[in-house]
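Trainee: I have a protein model open. Could you show me how to read its features, one at a time?

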Amino acid sequence: MTKSQLLDTWRFAQKTTLKRLVNIVTLYLSYQWSKLVGKPVHRGMPMSMSYEPTTACNLRCPECPSGLRSFTRNTGNLKSDFFAQSLDQVADHLSYCIFYFQGEPYINPQFLDMVDYASRKGIYTITSTNGHFLNMDNALKTVESGLDRVIISIDGTTQAVYESYRKEGKLASVIQGAKNLVAAKQQLGKSYPYIVFQFLVVKPNEHQLDEVQRLADEIGVDEVKYKTAQVYDYVNGNPLIPTIEKYSRYKQQKDGTYRVKNILKNQCWKMWHSCVVTWDGIVVPCCFDKDATHRLGDLKVDDFATIWRDQSYSQFRQAITRGRDKIDICTNCTEGCTVWA
């Protein structure tokens with residue numbers, strides 16, 4: 001483990017109160033018991049929540065509803081007062097607050113104010129960004145907000161490869177943004193945020209795996225994570241599916257078609273410990289429900305505890321245990337899967 005990883009782990013540990021630790025254990029035990037008895041038994045409050053700062057994005061990525069401008073749901077920006085009011089309901093139990101669902105968080109002008117609010121509640125905070133808005137001023141404000149972890153999407157080490165997926169993006173801006181964030185940490189004498197380069201492995205960039213690690217090392221980025229890509233139209237092949245099978249969610253069959261290479265189990269840890277809140281307060285099961293089709297509650301109408309324990313949530317968890325392959329958002333997901341060789 002590197003020094004930066006140790007510091008990041010210690011920072012999270014410092015925020016883990018007894019109440020949060022008890023909540024994590026309660027969630028885990030109820031999940032394991034549910035798997036044992038084959039029906040949902042749920043105790044505890046979420047240990048992780050994702051808030052959607054905005055649905056807007058400056059890029060046009062081909063497998064993203066924000067990039068494609070293809071939402072059927074309402075779009076807009078999360079308001080800081082609404083965020084604070086809803087976070088207060090779960091803050092004592094919450095270990096992670098993730099400021100990302102769809103869209104580019106830095107487009108919301110109140111984004112870092114909300115990070116600051118969650119940080120002052122002693123919650124470990126995370127965001128994911130395409131890196132185009134990390135000018136020096138925003139980099140300094142990011143560090144000052146107390147953000148614990150930032151994931152910067154960098155899917156290529158040359159402009160031609162990068163823009164093959166990150167349509168309308170500028171690699172030079174992303175690299176400069178990462179440099180600004182490293183410099184801001186040094187200027188303010190902080191070890192946070194922990195900076196991650198996330199490399200979405202697709203066929204056009206799979207030859208640059210080593211290069212992105214070298215680039216991260218040169219800049220001072222703390223870690224590189226290689227992520228498999230979700231592709232919507234994969235059955236008859238897709239130019240984004242990588243040839244390196246390790247980084248592909250799909251396996252080619254003898255007839256030339258593709259299938260998801262993992263077997264879905266009728267279980268999902270995410271449905272026990274986390275949820276997603278859209279910019280306008282709709283609670284959905286997870287980040288795979290990008291268009292918010294499975295609406296389990298509305299924080300503009302009910303408090304969070306009521307939604308979390310409501311019949312709608314219980315029925316969705318029950319559906320998971322009975323047949324996850326029949327739930328549309330689950331069929332292209334890797335959570336709770338086993339590899340099918």
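Mentor: Let us go from the whole chain to single residues.

Mentor: This is a predicted model: local features need pLDDT of at least 70, side-chain atom pairs count only at pLDDT 80 or more, and totals for chains, interfaces and linings use all residues. Residues are numbered from 1 along each chain as its sequence is written, and side-chain values use heavy atoms, with hydrogens and water left out.

Trainee: What radius of gyration does the protein chain have, and what would a compact globule have?

Mentor: The radius is taken over C-alpha atoms, and the globule rule is 2.2 Å times the number of residues to the power 0.38. For 341 residues the rule gives a value near 20 Å; the protein chain has 20 Å, which agrees. Its C-alpha atoms fill a box of roughly 55 × 50 × 40 Å along the principal axes.

Trainee: How many helices and strands are there?

Mentor: Both are DSSP runs, numbered from the N terminus: helices are H or I with at least four residues, strands are E with at least two. This chain has twelve helices and 13 strands.

Trainee: What is the strand order in the open sheet of nine strands?

Mentor: Two strands pair if DSSP finds at least two bridges between them. The order here is E6-E5-E4-E3-E2-E1-E10-E11-E12, with mixed pairing. E6 (223–228) and E12 (297–298) stand at the edges; each has a single partner strand, so one side of each lacks a neighbour in the sheet. Inside the order, E4 (residues 149–153) and E5 (residues 194–201) run parallel over five bridges. Ser153 stands opposite Gln198 in E5.

Trainee: Why is helix H5 called largely enclosed?

Mentor: Start with the terms: buried is under 20% relative accessible area, exposed is over 50%, and partly exposed is in between (1.4 Å probe, protein chains only). Seven of the ten residues of H5 (residues 111–120) are buried, so the rest of the structure largely encloses this helix. Phe111, Leu112 and Met114 are among them. Contact means heavy atoms within 4.5 Å. The cover over the buried residues of H5 includes helix H4, strand E2, strand E3 and helix H6. After H5 comes Gly122, with a positive phi near 75°.

Trainee: Is Val22 buried, exposed or partly exposed?

Mentor: Val22 is partly exposed, at 46% relative accessible area. The residue lies in helix H2 (residues 18–37).

Trainee: What share of the residues counts as buried?

Mentor: Of the 341 residues, 54% count as buried.
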